[in-house]
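Biologist: I would like to learn how to read a model like this one. Please take me through a few features in turn.

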Amino acid sequence: MNTNMEKVIIPRAEHSISRSLLSPNGVKVLYKLREHGFIAYLVGGGVRDLLLGREPKDFDVVTDATPNQLKKLFRNCRLIGRRFRLAHIHFHDEIIEVATFRSTVDAAEAALEEAAETPPEEAEAVSEAEQLENERDRRKRRHHHGPPILKSEDGMVLRDNVFGTPEEDAIRRDFTVNALFYNISDFSIIDHVGGMEDLKNGLIRTIGDPMVRFTEDPVRMIRAIRFASMLGFNIEPRTEAAIEALCGTINKATPPRLYEEVLKLLLMGAGERTYQMMRHNGLFEPLFPHFDAWLSRESDGYPHVRVSKALEWVDDQLGQGMPVSAPLLIALMFGEYLEEKVAAFREAGLPPQQATDAAVAAFAGELSPTVAVPNRVLVTVRDILNLQHRFHKTPGRNGRGVIARPSFGDALQYLRFMERLTPPKRSLADWWERYVVQQLEAQGAPIEAAGSEAAVEAPKKKRRRRRRRKKPGPAPE
Ligand code: ATP
Ligand code: MG
């Protein structure tokens, strides 16, 4: 790791971040820390995005206050994570994450793993005695001079919870552009890692040796692609060469984390591009070995193009400001693959619903060693596919049951995509949307269809004169 880098301070007059661009809650947190004599910096994606003139997704704060001090300072504070404690300061519509300077490894990553393991309420319930113990432990380790990080034999960071200096906190971060501090006390930017230069040149570069940094945490390879795609940056050549060399080690990261990062990657609005990048630089195959093998086999002499089309459609939706849920993304991306599996189970004699259930279960089983899709997501994927059969039947009495299903909105989106792929003579999706409108009007009140975008949106689009409940004619074949 390059620790010899000069610290550079960029005064307020020489950069573009002004307080008015920050979230007011973030500013409140920074000032309060400052008032109480603590160091308080804005850090990470917030600083990076503001410098690039983009709207940040969230505002992360780092400080030298310990989690327990934070808890005392902010009434609306919850400590999350057991080993890696982070403070979440809750506001009406926003959470500001505050971390204590750490000497190594990543707080966000640790929080994610912890959050997966421990619901916040439980983390809250850590006893005072345990907190004291932790605190004592930390103080002890703070003065410990040997390397405090726990690494596996092959160099992967297993855990760390050691507080450090601002500089140590900067150099443990992933990429130079993600390690800039905005200092609330004089509005300057503090750059320990050459991040300003890389930001100007549009480069994603690991802090320190990329071979070491990707070995410590293979998820950083996916993150490199995400930031390059998202910001339109290039990956610095040594960093890129390290990804090519180490892509096969990606599955050393835990499957729940890989799921989260892959999801972020594909739902960023440039999913198709990132999918191509990942296939090109070798990251896709180790993440989805079965699916990748299937993709490499042509279908009737043609390569599988539906994945690209599905991801383009997702990008298009996101570009128009329409949300795409995780289950819909998965159903769309793996749709053709899943349909083939369903067909195989049908041939083996299973009825349609059971065949879909079996196909989704088999798919989840294949994926689980690398990418762990949560069960609740899989249930919706199954429902999206099952509803496709249901859409072909004219609803009888239980039509309302169909549109009130939580996955109805996603299922209708899936159908829309399929109709885009192979335009039908008469659109089944239009028919269902009309049916929803009629049902709503017949009721005179919104149908409680959680997640059913169509059910909520449709009445605005069309007002019908007829008030009586009537079926909208037979569904097209
Ligand atoms: P986004 O805009 O997508 O939220 P971000 O840069 O804020 O991007 P986060 O995942 O929210 O990314 O993480 C916040 C910060 O924590 C990063 O900017 C980086 O400094 C640090 N970080 C996150 N993950 C890692 C990691 N795996 N290794 C090292 N540092 C990390
Ligand atoms: Mg962030």
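Predicted model: local features only at pLDDT ≥ 70, side-chain atom pairs only at ≥ 80, totals over all residues.

Biologist: What is the order of the strands in the open sheet?

Modeller: In general, strands of a sheet pair through backbone hydrogen bonds, either parallel or antiparallel. Helices (H or I, at least four residues) and strands (E, at least two) are DSSP runs numbered from the N terminus, and two strands pair if DSSP finds at least two bridges between them. Here eight strands form an open sheet with mixed pairing, in the order E1-E10-E9-E2-E3-E6-E5-E4. Strands E1 (8–10) and E4 (77–80) are the edges, each pairing on one side only. On average, neighbouring strands are turned by 30° against each other, direction ignored. Helix H1 (residues 24–35) packs on the sheet, touching E2 (40–43), E3 (60–63), E5 (86–91) and E6 (94–100). The direction of H1 makes about 35° with that of E6. Contact means heavy atoms within 4.5 Å; axes are lines fitted to C-alpha atoms, for helices over the stretch in contact, and angles run from 0 to 180 degrees between N-to-C directions.

Biologist: Which residues stand opposite residues of E10?

Modeller: E10 (residues 188–191) pairs with E9 (residues 181–183) in the antiparallel sense over three bridges. Phe181 stands opposite Ile190, and Asn183 opposite Ser188. Four residues lie between the strands of this hairpin, where Phe187 takes a positive phi near 60°. E1 also pairs with E10 in the antiparallel sense over three bridges, with Val8 opposite Asp191. From E10, Ser188 and Ile190 point one way, Ile189 and Asp191 the other way, and all are buried. Buried means under 20% relative accessible area, exposed over 50%, and partly exposed in between (1.4 Å probe, protein chains only).

Biologist: How many cavities of 30 Å³ or more are found?

Modeller: Rolling a probe the size of a water molecule over the atoms shows where empty space is left. On a 1 Å grid over the protein atoms alone, a cavity is a set of points where a 1.4 Å probe fits but cannot get out, and lining residues have an atom within 4 Å of a point. A search of the whole structure finds two. H12 (255–266) and H17 (326–333) each supply at least two lining residues, and H12 gives the most, four.

Biologist: Is Thr370 buried or exposed?

Modeller: Thr370 counts as buried because its relative accessibility is 5%. Thr370 lies in the loop between H19 (352–367) and H20 (375–391). Leaving aside neighbours within four places in sequence, Thr370 is in contact with Asn251, Pro255, Leu258, Pro286, Leu287 and Pro289. Thr370 and Ala253 are 117 residues apart in sequence and 8.1 Å apart in space, C-alpha to C-alpha.

Technical notes. Residues numbered from 1 in each chain as written. Chains lettered and ligands numbered in written order. Heavy atoms only, no water. 1 Å grid on protein atoms, 1.4 Å probe; cavity = no way out; pocket = protein on both sides within 12 Å on 5 of 7 lines; lining within 4 Å. Points joined across faces, edges and corners; volume = space filled by probe spheres on them.
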